[in-house]
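The following note sets out some points to consider while examining the structure. Please read each point with the model in view.

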Amino acid sequence: PETVQIVPPDQVARFLYERAIFPVFSSNVDAAQYDHEKNILIITFKEGSQYAYSNVSLAEAILFAQAASKGGWVWTYLRIRGTKHGHRKPYKKIKG
């Protein structure tokens with residue numbers, strides 16, 4: 001079982017429902033932002049690039065907020081491990 005990161009409920013609620021930027025502690029991911037109306041998760045990586053992933057459900061966004069390893073979550077739910085360009089969800093590079 002994956003370890004869960006304890007995040008204050010108000011911070012998670014703002015991330016899930018108010019499109020608040022969600023700073024994370026990760027070696028690869030810098031921050032995230034979720035649009036629950038459009039099911040889009042924007043991930044900002046430490047090196048400055050930013051991607052908008054479509055079709056990310058509210059349940060998946062909650063799992064992201066709780067995941068101990070944000071980079072690991074990205075590889076499990078958004079990317080295809082072992083590939084350079086493989087993605088599980090539709091995406092658009094918006095920065096970097």
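**Notes on the predicted model**

1. Lys38 is exposed, its relative accessible area being 59%, and exposed here means over 50%. The residue belongs to the loop that links β2 (29–35) with β3 (40–45). Although Lys38 and Tyr51 are 13 residues apart along the chain, a distance of 15 Å separates their C-alpha atoms.

2. Trp73 is found in helix α3, which covers residues 70–78.

3. The surroundings of Trp73 may be examined next. When neighbours within four places in sequence are set aside, Trp73 is in contact with Leu41, Glu60, Leu63, Phe64, Ala67 and Leu78. For one of these, Leu63, the C-alpha atom is separated from that of Trp73 by 8.2 Å, and the two residues are 10 apart along the chain.

4. What does the secondary structure of the chain come to? There are three helices and five strands, and along the sequence they follow the pattern α-β-β-β-β-α-α-β. The radius of gyration of the chain is 12 Å, close to the 12 Å given by the globule rule for 96 residues, so the chain is as compact as a globular protein of that length. Along the principal axes, the C-alpha atoms fill a box of roughly 35 × 30 × 25 Å.

5. The five strands form an open sheet in the order β1-β2-β3-β4-β5, with antiparallel pairing. The edges are taken by β1 (22–23) and β5 (91–95); each has a single partner strand, so one side of each is left without a neighbour in the sheet.

6. Strand β4 (residues 50–53) is joined to β5 by four bridges, and the two run antiparallel. In this pairing, Gln50 stands opposite Lys95 in β5.

7. Some totals for the chain complete the picture. Of the 96 residues, 36% are buried. Among contacts with a separation of 6 or more, 42% are between residues 24 or more positions apart. The chain exposes about 5,700 Å², of which carbon and sulfur atoms supply 55%.

Note on methods: Residues numbered from 1 in each chain as written. Predicted model: local features only at pLDDT ≥ 70, side-chain atom pairs only at ≥ 80, totals over all residues. Heavy atoms only, no water. Buried < 20%, exposed > 50% of the residue type's maximum accessible area, 1.4 Å probe, protein only. Rg over C-alpha atoms; globule rule 2.2 N^0.38 Å. Contact = heavy atoms within 4.5 Å. Areas by Shrake-Rupley, 256 points an atom, 1.4 Å probe, with all protein chains shown as cover. Pairing = 2+ DSSP bridges.
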